[in-house]
Amino acid sequence: MPHTTHVTESKVNITAQEALQQIDDKGYALTFAQEEWNIVKIGILFSINTKTIEDYWIISNE
């Protein structure tokens with residue numbers, strides 16, 4: 001059974017999709033991908049106005 005890791009990027013007042021895009025653009029998960037790990041990417045949007053999580057996206061390569 002392969003290992004699993006979670007890569008999380010949080011943003012304020014921009015989209016959760018843009019947070020996920022940064023994970024890919026910056027290569028945050030590349031080390032784990034080369035080792036054939038299962039990767040769960042989580043993009044989170046925090047609202048500065050409500051001080052809560054406004055949106056999130058989760059993508060897994062499983």
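**Ground rules.** I number residues from 1 along each chain as its sequence is written, and I leave out hydrogens and water, using heavy atoms for side-chain values. As the model is predicted, local features need pLDDT of at least 70 and side-chain atom pairs count only at pLDDT 80 or more, while totals for chains, interfaces and linings use all residues.

**Entry 1, sheet.** I looked up the strands first. I take helices (H or I, at least four residues) and strands (E, at least two) as DSSP runs, numbered from the N terminus. I find an open sheet of three strands in the order 1-2-3, with mixed pairing; two strands pair if DSSP finds at least two bridges between them. Strand 1 (4–12) and strand 3 (53–60) are the edge strands, each pairing on one side only. From one strand to the next the twist averages 15 degrees. Strand 1 and strand 2 run parallel and are joined by nine bridges.

Axes here are lines fitted to C-alpha atoms, for helices over the stretch in contact, with angles running from 0 to 180 degrees between N-to-C directions.

Which residues make up the largest nonpolar core? I list five: Val7, Leu20, Ile23, Ala29 and Ile39. A nonpolar core is a set of buried Ala, Val, Leu, Ile, Met, Phe, Trp, Tyr and Cys residues joined through side-chain atoms within 4.5 Å. Buried means under 20% relative accessible area, exposed over 50%, and partly exposed in between (1.4 Å probe, protein chains only). I then followed Ile39: leaving aside neighbours within four places in sequence, its contacts (heavy atoms within 4.5 Å) include Val7, Ala29, Phe32 and Ile59.

I searched the whole structure and found two salt bridges, each a side-chain nitrogen of Lys or Arg within 4 Å of a carboxyl oxygen of Asp or Glu. Lys11 meets Glu9 at 3.5 Å, N to O. Lys11 is buried at 19% relative accessible area, and Glu9 is buried at 13%. In the other bridge, the closest N and O atoms of Lys41 and Asp24 are 2.6 Å apart. Lys41 lies in strand 2 (residues 38–46) and Asp24 in helix 1 (residues 16–26), so this pair ties together parts 17 residues apart in sequence. Lys41 is buried at 19%, whereas Asp24 is partly exposed at 43%.
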